[in-house]
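Visitor: Please show me the model, and then I will ask what lies behind the terms you use.

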Protein chains: 2
Amino acid sequence: MKSGSSPTMKDVARESGLSLATVSKVINGLPVGKESRRLVEEAIDKLGYHVNAYARALKSSKTNTVALVLPSLKHPFFAHMADELTASLTSVGYRSLLMITNYDRQAEQTCFSMVRNNLVDGIIALTYNPHLKVDESVPIVSIDRHLGENIPCVSSDNYYGGELAAKKLLELGCRKLLFIRISSHTPGEPNKRFSGFENVCQAQGVEYEAILLHDDESTEPIFRFLEEHVVGEHPEFDGIFCNADSLAGKVLRFLQQHGVDVPGQVQIIGYDGVPDFFADQYVCSTIEQPLSQITQTAVRLLLNPDESSIGLNVCLPVKYIPGSTTKD
Amino acid sequence: MKSGSSPTMKDVARESGLSLATVSKVINGLPVGKESRRLVEEAIDKLGYHVNAYARALKSSKTNTVALVLPSLKHPFFAHMADELTASLTSVGYRSLLMITNYDRQAEQTCFSMVRNNLVDGIIALTYNPHLKVDESVPIVSIDRHLGENIPCVSSDNYYGGELAAKKLLELGCRKLLFIRISSHTPGEPNKRFSGFENVCQAQGVEYEAILLHDDESTEPIFRFLEEHVVGEHPEFDGIFCNADSLAGKVLRFLQQHGVDVPGQVQIIGYDGVPDFFADQYVCSTIEQPLSQITQTAVRLLLNPDESSIGLNVCLPVKYIPGSTTKD
DNA sequence: AACAATATGTTAAACGTTTTACACATGTTG
DNA sequence: CAACATGTGTAAAACGTTTAACATATTGTT
């Protein structure tokens, strides 16, 4: 073994007096004589041998690495997602290659191209680019968005989540509902939250209004709307559903600063259900996404594509979590 | 090219009628005839060739990948750190291999062993294990902790941060200070926050007390202490310095729930300076760590170890950020 | 005692790059 | 016109594994 560089299987073979193939077998847990195994293991210990992942990947075209393509880690929901995905992957012997896109379509495309045909065994992605060119040569699992006919997608039950929020608000005595939605320009599963919400309102003949904000715009218009229709003695709306806790947090703060009593006059329900790390509690009443289930399912779907028990598209149950912004 | 598998340099060579070596030169931007370059590039486009990162890494022992070893992404500070580290690395053509340790010493060791001698070109780590065996064969940059004589460490100016907090509280009229510290069992740079704090108090002859909580313990004892010495008509302490915003957030909430007027009766300063994502503002008055500088320095230090302008140990300036928990 | 059958090892050819040493024109110089 | 620098391209040997195909030793069966 040349000093400075690390020991290879060849060195182990020489040290143990056995052949390269035998060493390989020991390393990979293939059947090998008891005595030989001992000799090889001793040599490995003595030399401090570690398998070279790159040589192995080259030969076996198996990298044991999965790319995680996420918009940002500044949003706690995505940060938690990355945390749990990595944990899931680690527990089954995989590594995570982290790629952050900053919600940029070009960057998303770059990620998908970079991993083309090598580098990773699969991709778990949460993307927005509607024209994403996906290469079928690498298995992909998408979160919250359909990327193509054959690409598995896992999401929470957004439609039901929307229904649930509307139902809860009505149950809690609200008479006129407001849906505030911040959304990308891309059609994705989360848009179904609105359908569910609308459906309940219409079925129950309840008045409602919905305002939409694109994620590349300022939140100003929303605040102006609130100022005009909610702030004051007699708010026009007494129940607000926001399609993200982060948005709900801002709405809550704005209303509080403008003297609106939450949940007294107006009740608010958000979506996502990531606890606020600092306060160690939920920011507001919310529809909680089953984050652990989502990540675990994504990993399973990616690594066992044939496991027929899970479908191609998985929709996981959401749960209502009462918090400080509703009367329950 | 066999169908199903991806094209290799060999295929490109055949397609372009040139040799393997020439193709390699084109790919790596080495000098090559104009016409040859064109032919090769055409063939690459036509076949959709992508270089195999593993073969390249094997041959050149350069992976263009850096391991990020962090305790968790559930804590926004670390999440932001991962986000920015990845951005920095991406901007210079590197990839991030994400490894989460969950503050577990064994897991930390596993990470350090896994990357041994291959897999990555370097490690950026924030660890707690005091007995971490580090292998000098891979360049390491440590954050907030000295890992060894030759291992660069980058941190914020913790000592000055502690001083600053004490000075500010005194400036704002506090008479008796409380330092609440949550800490791992490992001696690390952040412990200097206390020294700085203590130093100012002693120099100015101000009364103070410090309580310590290990990060594997419940926060109960702290709450009991607060209940006994702070809650009530006449709080014994009128200025509290917490060595983390997350801790400060909990203290703040506890005091508010028990009727203490913050910042009226008691003022609080935290440490870290990560804005609360939901509220879109700082949780409390705080000593802000220069996160971007930390991450950028870590990356520079890792990739240009010889650049003598940066020292082996870098200590970056902190800043006081007034917030809702102090009177300024 | 002869011969399968089985257990255990070995040899050598891949995997897809990079890179050193070399070959061959072509043009330049004394 | 020999001698030589220069510009371009090629051949072939690595890098450290995995794995098929093969060799040899061991055991059991008649």
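Guide: Around DNA strand C there are 24 residues, and those that come nearest are A:Ser19, A:Thr22, A:Ser36, B:Tyr49 and B:Arg56. This is a predicted model, in which local features need pLDDT of at least 70, side-chain atom pairs count only at pLDDT 80 or more, and totals for chains, interfaces and linings use all residues. Residues are numbered from 1 along each chain as its sequence is written, chains are lettered from A and ligands numbered from 1 in the order in which they are written, and side-chain values use heavy atoms, with hydrogens and water left out.

Visitor: Which atoms of A:Thr22 and DNA strand C form a pair, and what makes it a polar contact?

Guide: A polar side-chain atom of A:Thr22 and a phosphate oxygen of DNA strand C are 2.6 Å apart. A polar contact is a pair of N or O atoms within 3.5 Å; within protein, one must be able to donate a hydrogen and the other to accept it, and residues adjacent in sequence count only if both atoms are side-chain atoms. A:Gly33 places a backbone N or O atom 2.8 Å from a phosphate oxygen of DNA strand C. For A:Lys25, a side-chain N or O atom is 3.3 Å from a base oxygen of DNA strand C.

Visitor: Why is A:Ser246 called buried?

Guide: The relative accessible area of A:Ser246 is 8%, and buried means under 20%, exposed over 50% and partly exposed in between (1.4 Å probe, protein chains only). Therefore A:Ser246 counts as buried. Beyond its neighbours within four places in sequence, A:Ser246 is in contact (heavy atoms within 4.5 Å) with A:His75, B:Phe277 and B:Phe278.

Visitor: How do you know that the buried residues of helix 8 of chain A line one face?

Guide: They are A:Arg193, A:Phe194, A:Gly196, A:Phe197, A:Val200 and A:Cys201. Seen down the axis of helix 8 of chain A, they fall within an arc of 165°, so they line one face; the arc is that of the directions from the helix axis to the C-beta atoms. On the other side, A:Gln202 and A:Ala203 are exposed.

Definitions and conventions:
Helices (H or I, at least four residues) and strands (E, at least two) are DSSP runs, numbered from the N terminus. A residue is near a molecule or strand if one of its heavy atoms lies within 4 Å of it.
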